[in-house]
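Subject: Structure handover

Hello,

Here is the structure I said I would pass on. Please open it first, and then read the notes below with the model on your screen.

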Amino acid sequence: MVASIKLTYFDIEGIAESIRLALALSGTDYVDERISFAEWPAIKDKMPYRKIPVMTINDGPKCPQSKALLRWVATEYSETLYPREKLLDIETAIGVMDDLNISWWPAFQPHEDSHPEGFLKTTEGKNLIKKLREKFTSQDLPMYVKYITDLLKKNGGKWLASNDEPTIADCYAVPMLRNFTRGHLDYVPTSCLDSSPEIVDYIQRFCALEQVKGRYNNGIY
Ligand SMILES: N[C@@H](CCC(=O)N[C@@H](CS)C(=O)NCC(=O)O)C(=O)O
């Protein structure tokens, strides 16, 4: 029997989008509960580990941790999103995306603790963000663009960890890649993935899947 599922997160793509995509691709009905940032302080203490996303299954306890939820949805509701025989390839691709995220994060949000309070809003702070993001887009991102392109080529240009059906590696990677092309990040040009026609084609094909089509109205892909 299909469980009743509620996914709770902010009204952004963020780290819940991969789970929403896995639910969409597996054709699983769920309640997509989106809370505002204003509502968050009042409910934070009611959430396990005081974080979201959380998933409620059949009105049971709130289940935390986005990647646990992603793998659970795929295992429970799909034959193709997380098949055992592709586990190593899928987890390798997810690991590469995690590495990309780790390398992006200090440029996205430089560590405020090592500077005086409010530093990032000063001219000096803004210049630091500019420098870090320019370094990221000119040095780190191109390296990951190559890694991701190579993973796609290994699978006949199709998906990150499969040459037939998309997997959770794609649910995980596409929102992260699209994030760089949506134009909302200062000093990250929307064209930053254009050097890889394979990646551009990949994102476009994923977003054109029947269950994903029409979902996004921002970004260049
Ligand atoms: N490892 C956790 C991280 C969860 C997390 O950091 N959630 C953030 C939103 S992306 C959050 O709840 N932020 C609000 C806060 O910490 O007050 C996961 O993957 O689910």
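Begin at Thr8, whose bridge partner in β2 is Glu33. Please keep in mind throughout that this is a predicted model.

The sheet

Thr8 also has a partner in β3, namely Val54. Strand β1 covers residues 5-10, and β3 covers residues 54-57. The two strands run antiparallel and are joined by four bridges. Two further pairs belong to this part of the sheet: Leu7 has Met55 as its bridge partner in β3, and Ile5 has Ile57. With β2 the sense is the other one: β1 and β2 pair in parallel, over five bridges.

How many strands does the open sheet have, and in what order do they come? There are four, in the order β2-β1-β3-β4, and the pairing is mixed. The edge strands, which pair on one side only, are β2 (31-35) and β4 (62-64). On average, neighbouring strands in this sheet are turned by 25° against each other, with direction ignored.

Val54 is placed opposite Pro64 of β4. The two strands make a hairpin with four residues between them. In that turn, Asn58 has a positive phi of about 50°.

Is β1 mostly covered or mostly open? It is mostly covered, with five of its six residues buried.

Helix α3 lies across β1, β3 and β4, and runs at about 40° to β3.

The loop between β1 and α1 contains Gly14. In sequence, Gly14 and Pro175 are 161 residues apart, while in space their C-alpha atoms are 7.9 Å apart.

Gly14 also turns up in the lining of the largest pocket. That pocket has a volume of about 740 Å³. Its lining has 20 residues, and those nearest the centre are Gly14, Ile15, Asn101, Trp105 and Asn179. Which elements give two or more residues to this lining? They are α3 (66-77), α4 (87-108) and α6 (168-179). The most comes from α4, with five residues. Sorted by class, the lining of the largest pocket has 11 nonpolar, six polar and three charged residues.

The second largest pocket

The second largest pocket holds about 180 Å³ of space. Its lining is made up of Tyr9, Phe10, Ile12, Phe37, Trp40, Lys44, Arg50, Lys51 and Ile52. By class, six of these are nonpolar and three are charged, with no polar residue.

The cavity

There is one cavity of 30 Å³ or more. The volume of the largest cavity is about 30 Å³. Which residues line the largest cavity? Asp89, Thr92, Leu151, Lys154, Asn155, Leu160 and Ala161 do. Helices α4 and α5 (123-154) each supply at least two residues of that lining. By class, the lining has three nonpolar, two polar and two charged residues.

If you look at one thing to begin with, follow α4: it gives five residues to the lining of the largest pocket, and it also supplies at least two residues to the lining of the largest cavity.

Regards

Conventions
Residues numbered from 1 in each chain as written. Predicted model: local features only at pLDDT ≥ 70, side-chain atom pairs only at ≥ 80, totals over all residues. Heavy atoms only, no water. 1 Å grid on protein atoms, 1.4 Å probe; cavity = no way out; pocket = protein on both sides within 12 Å on 5 of 7 lines; lining within 4 Å. Points joined across faces, edges and corners; volume = space filled by probe spheres on them. Nonpolar A, V, L, I, M, F, W, Y, C, P; charged D, E, K, R; others polar. Pairing = 2+ DSSP bridges. Axes fitted to C-alpha atoms, helices over the stretch in contact; angles between N-to-C directions. Contact = heavy atoms within 4.5 Å. Buried < 20%, exposed > 50% of the residue type's maximum accessible area, 1.4 Å probe, protein only.
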